[in-house]
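Good morning, colleagues. I shall take a few minutes to walk through one model, and I would ask you to keep the structure in view while I speak.

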Amino acid sequence: MGLLDSVDQVRHRDWYQVLDAGRRLPTTTGADHPARTVGSSRTYVKVEGPRSLDGWIDGIRKGRCYATSGPLLDLAVR
């Protein structure tokens, strides 16, 4: 419908209902919730071109993002 760019603070059950309805809506997160410590949850976004706020928002709108409260792991298989 074009009203939302992403969702935050959604329960798994509600998230799957959105997906089952055929909607692709990126998920984001932030530390603005009272139960969270600042920096405990992050949204990572693939930005095309130079880093900028507009590029970051565009990456979210295109679904090139993920949210996590865990560590960022970089794995290599040799």
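What pLDDT does the chain average, and what share of the residues score at least 70? This is a predicted model, and the chain averages a pLDDT of 80, with 81% of the residues scoring at least 70. Confidence is lowest in H1, at a mean of 81, and highest in helix H2, residues 53-61, at 91. A word of caution applies here: where pLDDT is low, the predicted coordinates should not be read in detail.

Let me turn to the overall layout. The chain contains two helices and two strands, and along the sequence they follow the pattern α-β-α-β. Of its 78 residues, 18% count as buried. The chain exposes about 6700 Å², and carbon and sulfur atoms supply 53% of that area. As for contacts between residues at least 6 apart in sequence, 36% of them join residues at least 24 apart.

Threonine 28 sits between helix H1 (12-20) and strand S1 (42-45). Is threonine 28 buried or exposed? Its relative accessible area is 13%; since buried means under 20%, threonine 28 is buried. Leaving aside residues up to four places away in sequence, threonine 28 touches Ser6, Val7, Asp8, Thr43, Ile60 and Ala67.

Next, the aromatic side chains. How many aromatic pairs does the count come to? The count comes to one. The rings in question belong to tyrosine 44 and tyrosine 66; their centres are 5.4 Å apart and their planes stand at 25°, so the pair is stacked. The cut-off behind that reading is that planes under 30 degrees apart count as stacked. This pair links distant parts of the chain, with tyrosine 44 in strand S1 and tyrosine 66 in strand S2 (residues 65-68), 22 residues apart. Both tyrosines are partly exposed: tyrosine 44 has a relative accessible area of 23%, and tyrosine 66 stands at 40%.

My final topic is charge pairing. Side chains of opposite charge can pair when their charged atoms come close. In this model the count comes to three salt bridges.

I begin with lysine 62 and glutamate 48, whose closest N and O atoms are 3.9 Å apart. Lysine 62 lies in the loop between H2 and S2, while glutamate 48 lies in the loop between S1 and H2, so the pair ties together parts that are 14 residues apart in sequence. The cut-off for a salt bridge is 4 Å, and the distance of 3.9 Å is within it.

Glutamate 48 also forms a salt bridge with arginine 64, and here the closest N and O atoms are 2.1 Å apart. Arginine 64 is in the loop between H2 and S2, so this pair ties together parts that are 16 residues apart in sequence.

Lysine 62 in turn meets aspartate 58 in a salt bridge, at 3.2 Å from N to O. Which residues do the salt bridges that share partners join into one network? They are Glu48, Asp58, Lys62 and Arg64.

How accessible are these residues? Each is partly exposed: glutamate 48 at 46% relative accessible area, lysine 62 at 45%, arginine 64 at 35% and aspartate 58 at 33%.

Thank you for your attention.

Conventions: Residues numbered from 1 in each chain as written. Heavy atoms only, no water. Helix = DSSP H or I, 4+ residues; strand = E, 2+ residues; numbered from the N terminus. Buried < 20%, exposed > 50% of the residue type's maximum accessible area, 1.4 Å probe, protein only. Contact = heavy atoms within 4.5 Å. Phe/Tyr/Trp six-rings, centres within 6.5 Å; stacked < 30°, edge-to-face > 60°. pLDDT = per-residue confidence, 0-100. Areas by Shrake-Rupley, 256 points an atom, 1.4 Å probe, with all protein chains shown as cover. Salt bridge = Lys/Arg side-chain N within 4 Å of Asp/Glu carboxyl O.
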